[in-house]
Protein chains: 2
Amino acid sequence: MARRKDHTPDELKAWVIRSVLEFLQDFPANELSLRKVAKRVEYSPGTLINLFGSYAHLLLAVNASTLDHISERLNNRLSASQELEPQQQLLLFAQEYLAFAKEHPFQWRLIFEHRLDDDVPEWQQNRINQLFELIELRLITLRPTSTSAELQQASRTIWASVHGICMLDVDNKIFATDNSSELSINGESMIQSLLKHYLSSWKLSSNTHTPSQ
Amino acid sequence: MARRKDHTPDELKAWVIRSVLEFLQDFPANELSLRKVAKRVEYSPGTLINLFGSYAHLLLAVNASTLDHISERLNNRLSASQELEPQQQLLLFAQEYLAFAKEHPFQWRLIFEHRLDDDVPEWQQNRINQLFELIELRLITLRPTSTSAELQQASRTIWASVHGICMLDVDNKIFATDNSSELSINGESMIQSLLKHYLSSWKLSSNTHTPSQ
DNA sequence: CTATTGTTTTGAACACTGTTCATAATAATA
DNA sequence: TATTATTATGAACAGTGTTCAAAACAATAG
């Protein structure tokens, strides 16, 4: 059977990804399957494998789309607040990331739960590196004397920490959040705490020695 | 068939868990299956389901065992260095956690990748709460005036951040670690950076207002 | 010591999974 | 219109977790 006239290959790819993202809005990824995706878009499982190579690569394409959405939101948030001070921008940056994670928890989780056997493709690596650059750009105005290695060190540390906080907040089941009483410690306040204390010390510290080794 | 005389139910449970942990020493959890476990311990799949309830609960029992191992290592590390200052102890604490994650990456990952549909059992929650208490105990000597809410806030923030750093270090594929050149930013240095800057600011900050809300 | 009761283990069966591939159906070209 | 490419399909395959009637053993009663 040749191409059904309703979709070109690229249209079908986009339509598949959109369908999966819609599913992940309500259900976790482990409840999805290649055959369910095929049913949703009314194509056969084999067709989707021809398109993406495998189910794993289909999910990878979904993750790429998610990363694009995240990147778009972060850029919009930042460009809409360029008059603010750098530490305020970094706070908005992290808060926007957390907001996306909480609005689309299953999409967000899939990015980190789904690993391929082979290495991550470079086009995906580039998407992630772009996010780091946005952080380093604010860090360098926060402390202009810092070296490139120090900027990388700080941006990675901050981002890994923010990411960990988001994980804790998205599934408040792993760690104990509401164990006893009082005010629940939400991700928002943890991000505030992290950036406030880390940055206030980092921007003042002199670079007497290289961070690692 | 009644009980084969080689193992009692509890012995079999322990033997199964040990076998899975051995597997996870070399291979990721997604390459394991109930049937493979059954083959390894030379029992039938149905027997293991009778024992644990389901394959998901079997993996949960494995995670409980892993958490015990982590807890044991952390307690040993801390009790062997009670003469040190609290921030030094927190550093050792985080470093030991990272060390375990890097020595047993597949065991460590399984704890957070494997989620049940229903809530986390309280006996697992208790294990995690114990780890938090160890942190809060050091934080309170670091800043005796801090309230219970502040301690919880700080311990959660620190631990979530440390956890995020470990994730980044265990699979250096997700984020870009060795993207360009120079000294690679390892988890050890990130943990040092995090604790140094966060704690140096936190222990000085006065509690003028409650952390959240 | 045999017969009965109770418990533990099993393997076949079920509904599912991702993947392969010969075949069939359509589109583009000669 | 006939031929060549391309594209979609569904059956088949090996794998998955789970169920459950039947079988095999242990413990007890007569």
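The model is predicted, with local features needing pLDDT of at least 70 and side-chain atom pairs counted only at pLDDT 80 or more, while totals for chains, interfaces and linings use all residues. Residues are numbered from 1 along each chain as its sequence is written, chains are lettered from A and ligands numbered from 1 in the order in which they are written, and side-chain values use heavy atoms, without hydrogens or water.

Start with chain A. Its secondary structure comes to nine helices and zero strands. Helices (H or I, at least four residues) and strands (E, at least two) are DSSP runs, numbered from the N terminus. Of the 213 residues in chain A, 52% are buried. Buried means under 20% relative accessible area, exposed means over 50%, and partly exposed lies in between, with a 1.4 Å probe and protein chains only. Among contacts in chain A with a separation of 6 or more, 72% join residues 24 or more positions apart. A contact here means heavy atoms within 4.5 Å.

Look next at helix α4 of chain A. This helix has 25 residues, 55-79. The expected span is 1.5 Å times one less than the number of residues. That gives 36 Å, and the end C-alpha atoms are 36 Å apart, so the two agree. At the start of α4(A), a side-chain oxygen of A:Ser54 comes within 3.4 Å of the backbone nitrogen of A:Ala56.

Now the charged pairs. Side chains of opposite charge can pair when their charged atoms come close. A salt bridge is a side-chain nitrogen of Lys or Arg within 4 Å of a carboxyl oxygen of Asp or Glu. Over all chains, the structure holds 20 salt bridges.

One of them joins A:Glu103 to A:Arg73, with the closest N and O atoms 2.7 Å apart. This pair links distant parts of the chain: A:Glu103 is in helix α5 (residues 86-103) of chain A, A:Arg73 is in helix α4 of chain A, and they are 30 residues apart. A:Glu103 has 42% relative accessibility, so it counts as partly exposed. A:Arg73 is partly exposed too, at 23%. Both residues belong to a network of salt bridges that also includes A:Arg77 and A:Glu96.

Chain B has a bridge between B:Arg73 and B:Glu103, with the closest N and O atoms 2.8 Å apart. B:Arg73 lies in helix α4 (residues 55-79) of chain B and B:Glu103 in helix α5 (residues 86-103) of chain B, 30 residues apart. B:Arg73 is partly exposed at 21%. B:Glu103 is partly exposed at 42%.

A further bridge pairs B:Asp171 with A:Arg115, with the closest N and O atoms 3.1 Å apart. B:Asp171 sits in the loop between α8 (148-170) and α9 (187-202) of chain B, and A:Arg115 in the loop between α6 (105-113) and α7 (122-142) of chain A, so the pair joins two chains. B:Asp171 is buried, at 5% relative accessibility. A:Arg115 is partly exposed, at 23%.

A:Lys102 is in helix α5 of chain A. At 47% relative accessibility, A:Lys102 counts as partly exposed. Beyond four places in sequence, A:Lys102 touches A:Asp169 and A:Val170. A polar contact of 3.4 Å joins the side chains of A:Lys102 and A:Asp169. Such a contact is a pair of N or O atoms within 3.5 Å; within protein, one must be able to donate a hydrogen and the other to accept it, and residues adjacent in sequence count only if both atoms are side-chain atoms.

A:Asp169 is also touched by A:Gly187, as are A:Leu98 and A:Ile165, not counting residues up to four places away in sequence. A:Gly187 lies in helix α9 (residues 187-202) of chain A. At 0% relative accessibility, A:Gly187 is buried. A:Gly187 and A:Val170 are 17 residues apart in sequence, with their C-alpha atoms 8.5 Å apart.

In chain B, B:Ser71 is placed in helix α4. B:Ser71 is buried, at 12% relative accessibility. Beyond four places in sequence, B:Ser71 touches B:Gln130 and B:Leu131.

End at the largest pocket. Its volume is about 1400 Å³. A pocket is an open set of points on a 1 Å grid over the protein atoms alone, where a 1.4 Å probe fits, with protein on both sides within 12 Å along at least five of seven lines; lining residues have an atom within 4 Å of a point. The lining of the largest pocket has 39 residues, of which A:Glu113, A:His114, B:Asn30, B:Glu113 and B:His114 lie nearest its centre. Elements giving two or more residues to this lining are α4 and α6 of chain A, and α4, α6 (105-113) and α8 of chain B.

Conventions: Points joined across faces, edges and corners; volume = space filled by probe spheres on them.
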